[in-house]
Amino acid sequence: MNDQHNTLLADFIVERLELGVFAVDAQFNIVLWNRFMHTHSGKSAQSLKGSNLFTTFPELPESWLKRKIESVFELGNYAFTSWEQRAYLFRFKHNRPITGGVEAMLQNCTFLPLKDEKGKVEFVVITLQDCTDNALIQQRLAEAITISDEERRKQQELIVKLEDAKNQLFQSEKLASIGQLAAGVAHEINNPIGFVNSNLGTLERNVTDLMKLMAVFESKEAELPEAAQQELRKIKKDIDFEYVKEDLADLINESKEGLGHVRRIVADLKDFSRVDQSGWQIADLEKCIDTTLNVVSNEIRYKATVVKEYGHPPLVECIPGQINQVLMNLVVNASQAFPERGQITLRTGEEGMYVWIEVQDDGVGIPPENLQRIFEPFFTTKPVGTGTGLGLSVCYNIVRKHEGELTVRSEVGKGSCFRILLPIFHGKMGESEELEAALSVPQ
Amino acid sequence: MSVSVLIVDDSPIARKMLKRALPPDWDITIQEASDGAQAIDIYRQGSVELMFLDLTMPNIDGYGVLEVLQAEGLNCIVIVVSADVQPQARERVLAMGAIAFIPKPVNPEGLQEVLRQYGILV
Amino acid sequence: MIKGLNEDQTAALQELANIGMGQAGNSLARIWKEFVHLSIPRIAMVDASRLPDLILGFVGDTAVSASRQAFHGGFRGEVLVVVTAKDRNGLAQLMGFEGQLDAAEREEVLLDIVNILGGACVGGIAQQVSAEIGFSAPSLIGEDLDPLDVINPEQLAIDTALSLEVCFQVENRSLTAHLVILLPNNEVGALADLLDQFLCTL
């Protein structure tokens with residue numbers, strides 16, 4: 001390409017490019033105005049030749065633009081404007097007459113110094129680039145990012161709330177199982193404590209009677225022959241009779257005190273587990289099951305699928321907290337019967353004046369020799385340190401206290417089924433009065 | 001007769017650039033100083049007729065040198081050569097006794113103009 | 001001595017930076033019609049990971065606004081301008097705006113400054129070593145930033161950079177603008193060659 005071609009090419013580019021190109025001299029008179037500027041401004045190069053930029057276009061931001069152009073004349077460097085700070089230089093109609101989305105054409109401008117041979121800036125050339133499409137995309141992207149950030153923030157909030165709920169649930173589960181243990185321990189201890197207490201009472205009476213007899217014997221001692229008296233004196237000395245007499249009373253008193261101490265501990269434990277002896281209510285057993293399942297859902301979720309076969313039996317008079325404990329125990333036990341995963345089926349139904357609940361698992365099953373002992377306190381097949389062996393015996397006692405029955409049938413390799421039978425109506429109070437006295441706790 | 005010239009600038013490159021811009025056939029003897037204190041010492045030896053002085057130097061800067069020279073009778077011609085080309089700098093050094101201010105990078109024609117203007121070069 | 005440049009090249013760069021910064025300061029003074037103090041240019045070779053600390057070292061522990069501009073040609077790199085936030089209003093007045101600026105105007109001012117300073121300083125150096133340099137449009141890094149956040153080393157394409165820094169201080173309005181010119185280490189060779197050519201002319 002020779003010089004002539006170069007000039008033609010340059011002219012062609014300036015004229016025909018989809019880019020606004022115009023130039024001004026130091027007095028802001030227009031010395032160049034290309035086709036883009038013509039078609040968008042409605043003013044031809046011909047009509048504008050030599051006229052002042054600001055006179056012809058009074059809507060231009062004159063003071064800012066003058067300063068901008070002057071700085072290019074002064075410093076001889078490029079200058080720029082971006083639609084992001086300044087939407088447009090010239091308010092041209094945008095290229096989206098149908099699709100819309102914007103008020104006017106968004107523009108990026110470059111200011112170029114055109115220098116003479118001496119390096120002095122003779123003209124400033126200004127290019128105007130239509131950025132409307134890109135700008136819209138950028139804006140939409142920014143909006144999408146804002147929305148996405150907002151979503152993410154909400155999700156974070158939700159996650160925090162869920163964490164909280166999970167922790168709370170975990171806490172209540174822990175408490176529930178501690179409560180369960182405490183209730184179990186309290187129950188288990190109460191029986192023997194009751195017996196010991198009762199026996200102590202009897203012992204005390206017996207000892208008092210015996211002492212009465214001893215006193216009578218001692219008063220008659222002087223009437224015995226000397227040999228017999230001597231023998232008696234010897235035995236009394238050997239066994240340290242005087243000391244034994246005193247000690248007996250002490251021993252019984254201390255034992256009674258010790259027992260009282262233990263009963264206070266039991267009372268505390270029962271307080272802790274909040275087993276309310278007077279909490280008899282009319283309850284919907286299916287609701288109890290649902291509540292319990294909620295509480296243990298975390299623990300069994302990865303081990304078991306739960307299937308409900310509800311028979312919708314009538315409401316039952318019971319102590320719901322205790323029944324829940326039994327259910328929790330049975331369900332958790334069932335979930336531990338699977339090597340990997342399994343199914344727990346919960347069934348309810350009625351039978352005469354009773355309502356029954358079945359907790360069935362298709363787990364490993366219980367061998368016959370263990371089956372007989374399964375409700376024994378402290379009987380456990382779990383490794384040492386895990387579990388207390390109290391669970392099922394506590395359950396057994398609770399159900400018995402309700403005048404119900406807890407039974408089990410099981411087959412090794414097939415699974416187990418625990419059945420709770422509860423009378424619909426609560427009958428007379430429980431066993432021996434001593435036991436009742438030991439169990440009733442001042443609230 | 002050789003003109004005794006002192007070039008004062010802490011940058012050796014700047015001193016070279018100035019030397020390069022000096023008129024080629026000029027009969028001069030050049031001394032160099034790399035800080036204000038050194039410049040003052042050489043001046044006090046009484047052998048400097050023309051001093052090209054930079055402004056930004058550590059310790060005693062160009063302004064400091066001008067002060068001393070003014071106080072001691074200003075027995076030589078000082079032309080300040082500096083990159084700090086703001087109008088205020090120029091005014092200040094002229095008020096302090098420099099006869100001219102030449103901006104860096106030194107333009108040889110501009111330098112010759114100044115030298116002719118003040119009769120240093122004929 | 002700067003790694004990648006020998007003693008002569010470093011001395012040359014120091015003086016050329018001095019001249020370039022002087023021209024930049026002069027440009028500002030003409031635009032702002034105020035006297036501008038220039039610090040002595042600091043040149044250093046810095047690990048990319050230490051660039052945030054470098055910026056912090058230049059501006060101190062205060063909120064800043066920053067803008068950048070790329071240059072290309074004889075040597076390639078980027079220019080940063082970091083302005084302390086409390087100076088924003090002084091800045092507006094200097095650029096000829098009245099009263100408070102809105103966000104768009106503030107951004108425009110930051111972009112104009114980096115354009116002016118970068119153009120003068122880098123342009124000045126380029127002219128001395130007879131290199132052709134072009135500039136891209138400037139862009140905003142951000143406002144009210146922690147100095148350590150101005151540069152994110154993770155996003156950088158380089159390991160080390162040559163840094164030239166100067167502090168411009170306007171007396172009357174207590175405005176401070178730091179200009180930092182950064183060259184990636186793989187461009188230092190190109191610059192070294194240009195400096196050698198320049199030294200040959202001396």
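Predicted model: local features only at pLDDT ≥ 70, side-chain atom pairs only at ≥ 80, totals over all residues.

How many helices and strands does chain A have?

Reply: Residues are numbered from 1 along each chain as its sequence is written, and chains are lettered from A and ligands numbered from 1 in the order in which they are written.

Chain A has 13 helices and 12 strands (DSSP runs numbered from the N terminus: H or I of at least four residues for helices, E of at least two for strands). Of its 443 residues, 25% are buried (20 or more other C-beta atoms within 10 Å of a residue's own, with C-beta atoms placed from the backbone).

In chain C, helix α2 spans residues 51-59, and its buried residues are C:Leu51, C:Leu54, C:Ile55, C:Phe58 and C:Val59. These residues lie on the same side of α2(C) because they cover an arc of only 115° around the axis, taken from the directions from the helix axis to the C-beta atoms. An α-helix has 3.6 residues a turn, so residues three or four places apart point the same way. The packing partners of the buried residues of α2(C) are the chain C strands β2 (42-47), β3 (64-73), β4 (77-84), β7 (160-170) and β8 (175-184). Just after α2(C), C:Gly60 adopts a positive phi of about 85°.

Key
Buried ≥ 20, exposed ≤ 12 C-beta atoms within 10 Å, placed from the backbone. Contact = placed C-beta atoms within 7 Å.
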